[in-house]
Amino acid sequence: MTRSRHDQPSRPRPSPHGGSDEAERARIRAELAALGEPDADDDDDDRHVGAVTALFGVAHGDDAIGALELSELERRRVWRRIDERRSARPSAPRRATWIGIAAAAALVLVPVFAPEVADRSSDPGARAAREALGEQARRTLGHLPGDQDAERARGMADDYAARLRGTPNGGDR
Amino acid sequence: MTIVRRLGLAGVLGVVAISGLVAMGCDAAPEGEERSEDASIDARLRTHAIVPGEPTPQGLAYLEAVADAHAQADAEGRAERRAAVLRDALALPVPGGLPEAEPLRLELAARLCETLAEQPGGVPVALDLLAPMLDPERSLPVDRSSARALVVLGDLAARSGDDALAAGSYARAIRVMSLLRQELER
């Protein structure tokens, strides 16, 4: 959209302040010099005028363009403000850098400050499967025949003692 | 504030979102190899049968000492005292030529770890004690004590959030019990 407007050869339009184009340009150059701004060459000027016109067209509709009468200096100022605002936003690489820094910080800080995060965020499906496996293991163990702990140790000691009594050295004890 | 202004609201939200994703990624990946599901579950099982050795008086003394320790632990009401008794029993030197000591030691360790897990901060201690004894590289006796110890290890790992170790331990316990059933059916 703006491209087509940029491509159009822009001609200096009659100034609302009156006077010839040359006089108008001289006045602009003088004002720019007073502001300490560099003078614009014709190409830049044309591009700025085209861009600003396009922006006004977007904002107000094409019909409004003809009704707007900004001096070229005013247009330049509008465009400069737009440039300033645009340059204040971080560029894509700069944003990517900040995101990278934040990601790296998260990598370092999350395990330090929230070690329990791992537990909280683990996959619920995997957790459910693990719980089912545990339940099955405990149930099978419960149905397994045989004693444990004191009964098991005592039974093993008694069997061992009986075997020891049956051996040639069994009476040493 | 400068950063916020420079990034804008969308940028800040993007950073927060990416940080969250990275945090979740932390959980699933790097510990990744330890923690994530299929990639790190170690369910290897090496087993051996217990072949009773020639009985000796020293062997009998050891078995009786372990039986006494269990009985003493049964009589202890406080978990700390019970743990101390079981720890002392586990530290008893095993006489040579006593394969029967292996399942008894596994039972002692399992019971000690169950007792430790009852106490505040006891789960990591219990894991440190039991996990090396049941390392997948080590051969375990085909015995009820192996299955029980593996179930206890699975429970401890689950409580500590290590799903992979928990699942691997439960799976190994079930395989040990399957082997035991096969032996019983012979």
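User: Helices are DSSP runs of at least four residues and strands are DSSP runs of at least two, both numbered from the N terminus. With that in hand for this predicted model, what pattern does chain A follow along the sequence?

Analyst: Happy to start there, and please keep in mind that the model is predicted. Chain A has nine helices and zero strands. Read along the sequence, its pattern is therefore written with helix symbols, as runs of DSSP define them, and comes out as α-α-α-α-α-α-α-α-α.

User: And in what order do the elements of chain B run from the N terminus on?

Analyst: Chain B has nine helices and two strands, so both DSSP element types need a symbol. From the N terminus on, the order is α-α-α-β-α-α-α-α-β-α-α.

User: What percentage of the residues in chain B is buried?

Analyst: A residue counts as buried when its relative accessible area is under 20%. In chain A, with 173 residues, that holds for 29%. In chain B, with 186 residues, the buried share is 49%.

User: How much accessible surface does chain B have?

Analyst: For chain A the total is about 11200 Å², with 54% from carbon and sulfur atoms. In chain B, carbon and sulfur atoms account for 57% of the accessible surface, and the total is about 8900 Å².

User: Of the contacts in chain B with a separation of 6 or more, what share comes from residues 24 or more positions apart?

Analyst: Contact here means heavy atoms within 4.5 Å. Chain A gives 61% for residues at least 24 apart, among contacts at least 6 apart in sequence. For chain B, the corresponding share is 68%.

User: How are H8(B) and H9(B) oriented to each other?

Analyst: Two packed helices are described by the angle and the distance between their axes. Helix H8 of chain B spans residues 144-160 and helix H9 of chain B spans residues 163-185; their axes come within 8 Å and cross at roughly 165°. H8(B) passes H9(B) in a left-handed crossing. Angles over 145 degrees count as roughly antiparallel, so H8(B) and H9(B) are roughly antiparallel.

User: How many nonpolar residues are there in the contact of H8(B) with H9(B)?

Analyst: The residues of this contact include Leu150(B), Val151(B) and Leu153(B) on H8(B), and Leu165(B), Val176(B) and Met177(B) on H9(B). Three residues of the contact are polar and three are charged, while the nonpolar ones number 13.

User: Is Ser146(B) buried or exposed?

Analyst: Ser146(B) lies in helix H8 of chain B. Beyond its neighbours within four places in sequence, Ser146(B) is in contact with Leu106(B), Leu140(B), Pro141(B) and Val176(B). Its relative accessible area is 0%, so Ser146(B) is buried.

User: Which orientation do H4(B) and H5(B) have to each other?

Analyst: Helix H4 of chain B (residues 57-75) and helix H5 of chain B (residues 79-90) have axes that come within 8 Å and cross at roughly 175°. That angle makes H4(B) and H5(B) roughly antiparallel.

User: How many charged residues does the contact of H4(B) with H5(B) have?

Analyst: H4(B) brings Ala69(B), His70(B), Gln72(B) and Ala73(B), and H5(B) brings Arg81(B), Arg82(B), Val85(B), Leu86(B) and Ala89(B). Five of the residues are nonpolar, two are polar, and the number of charged ones is two.

User: Near what value is the phi of Asp149(A)?

Analyst: Asp149(A) is found in helix H9 (residues 149-165) of chain A, and at 11% relative accessibility it counts as buried. Most residues other than glycine have a negative phi. Asp149(A) has a positive phi, near 55°.

User: How far apart in space are Ala117(B) and Arg159(B), C-alpha to C-alpha?

Analyst: Ala117(B) lies in helix H6 (residues 101-117) of chain B and is buried, with a relative accessible area of 10%. Ala117(B) and Arg159(B) are 42 residues apart in sequence, and their C-alpha to C-alpha distance is 9.4 Å.

Conventions: Residues numbered from 1 in each chain as written. Chains lettered and ligands numbered in written order. Predicted model: local features only at pLDDT ≥ 70, side-chain atom pairs only at ≥ 80, totals over all residues. Heavy atoms only, no water. Buried < 20%, exposed > 50% of the residue type's maximum accessible area, 1.4 Å probe, protein only. Areas by Shrake-Rupley, 256 points an atom, 1.4 Å probe, with all protein chains shown as cover. Axes fitted to C-alpha atoms, helices over the stretch in contact; angles between N-to-C directions. Parallel < 35°, antiparallel > 145°, perpendicular 65-115°, else oblique. Left-handed = near helix turned anticlockwise from the far one by under 90°. Nonpolar A, V, L, I, M, F, W, Y, C, P; charged D, E, K, R; others polar.
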